[in-house]
Amino acid sequence: MIPLGWYLLFAAALFGIGLYGALARRNAVAALMGVELMLNAVAVNLLAFWRYLDPGRMNGQVFAAVLFAVAAAETAVGLALIISLYRLRRTVLPEEADLMRG
Amino acid sequence: VTADQILFLVLAILGLGLAVASVTLRNLVRAAFALIGCLFAVAALYALLEASLFVVAQAAVYVGAIAVLIVLVVMLTRRELREKATQTHRYAPLAAVLAALITAGLAAGLSQFASFDRTMPVLPPDDMVIRLGDALLDPSGFLIPFEAVSVMLLSVLIGAVLVAGGTRPGRGKG
């Protein structure tokens with residue numbers, strides 16, 4: 001059998017990789033992809049905890065379902081902002097989005 | 001090492017390798033496809049956890065919708081994605097150190113976790129998808145969060161359409 005810790009370690013590593021992608025990438029689309037990896041790591045954690053610690057109740061699965069909806073909303077808004085920025089400024093680099101810089 | 005442990009390790013290494021590829025590849029289209037592969041590996045891990053609904057949701061929501069959306073945006077903004085230009089900014093080493101520190105801290109904390117070696121308990125015999133649906137539509141369960149999330153998703157998608165579609169240059173507000 002697979003111990004619970006294996007899933008948690010996998011999720012921690014996936015979170016770290018996603019964090020690196022979200023912080024280090026210059027491109028807004030690539031940073032958003034890093035955020036997707038981090039959200040997936042959280043979903044793995046939630047489902048692993050549900051399955052190993054409390055499979056009789058649905059709390060963990062409901063949390064994961066809400067997380068999926070929030071992740072979809074986050075991606076939709078993020079990509080809409082990127083498309084809007086690209087139409088206005090012809091760039092997808094957040095460092096060039098300096099309209100509000102004083 | 002049993003068969004399911006080997007399967008888990010193969011899927012985990014595949015998923016982490018594709019995740020690394022998706023945050024390091026210079027060509028963003030390739031990075032997006034690596035992300036799709038990684039999301040599929042995670043879906044397979046959900047199958048190992050016997051969360052059947054989430055295997056389908058991962059394939060439909062993430063691979064079917066989010067990943068396709070990302071590929072679409074990558075292709076719409078293709079001119080800016082020159083492969084020769086550097087894809088990371090100057091603080092990237094700092095980000096790598098921070099991510100490594102957080103991962104190491106999480107791993108160290110997790111190895112102290114009391115339930116670390118716990119194995120899978122037997123799943124109750126009834127259908128988990130039906131039980132999840134009952135919990136979501138139960139007024140004393142999760143009905144209000146469920147409805148709140150559906151309203152949030154709708155308003156967010158309408159807002160996304162407004163933000164993405166309302167800025168046509170030269171034609172004013174469309």
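Reader: Which helix contributes the largest share of the nonpolar patch?

Author: Patches join residues with over 30% relative accessible area and no salt bridge, like charges within 9 Å and nonpolar side chains (Val, Leu, Ile, Met, Phe, Trp, Tyr) within 5 Å; a salt bridge is a side-chain nitrogen of Lys or Arg within 4 Å of a carboxyl oxygen of Asp or Glu. Here, helix α4 (residues 92–111) of chain B supplies 3 residues, the largest share. This is a predicted model, with pLDDT of at least 70 needed for local features and 80 or more for side-chain atom pairs, while totals for chains, interfaces and linings use all residues. Residues are numbered from 1 along each chain as its sequence is written, chains are lettered from A and ligands numbered from 1 in the order written, and side-chain values use heavy atoms, without hydrogens and water.

Reader: Which residues form the patch?

Author: Leu23(A), Leu98(B), Ile102(B) and Leu106(B), together with about 290 Å² of accessible area (Shrake-Rupley, 1.4 Å probe; for residues, only the protein chains shown count as cover). Leu106(B), in helix α4 of chain B, has a relative accessible area of 36%.

Reader: Is Gln61(A) buried or exposed?

Author: Buried means under 20% relative accessible area, exposed over 50%, partly exposed in between (1.4 Å probe, protein chains only). Gln61(A) is buried, at 2%, and sits in helix α3 (residues 59–89) of chain A. Beyond neighbours within four places in sequence, its contacts (heavy atoms within 4.5 Å) include Trp50(A), Phe54(B) and Met128(B).

Reader: How many helices does chain A have?

Author: Helices (H or I, at least four residues) and strands (E, at least two) are DSSP runs, numbered from the N terminus. Chain A has 3 helices and 0 strands.
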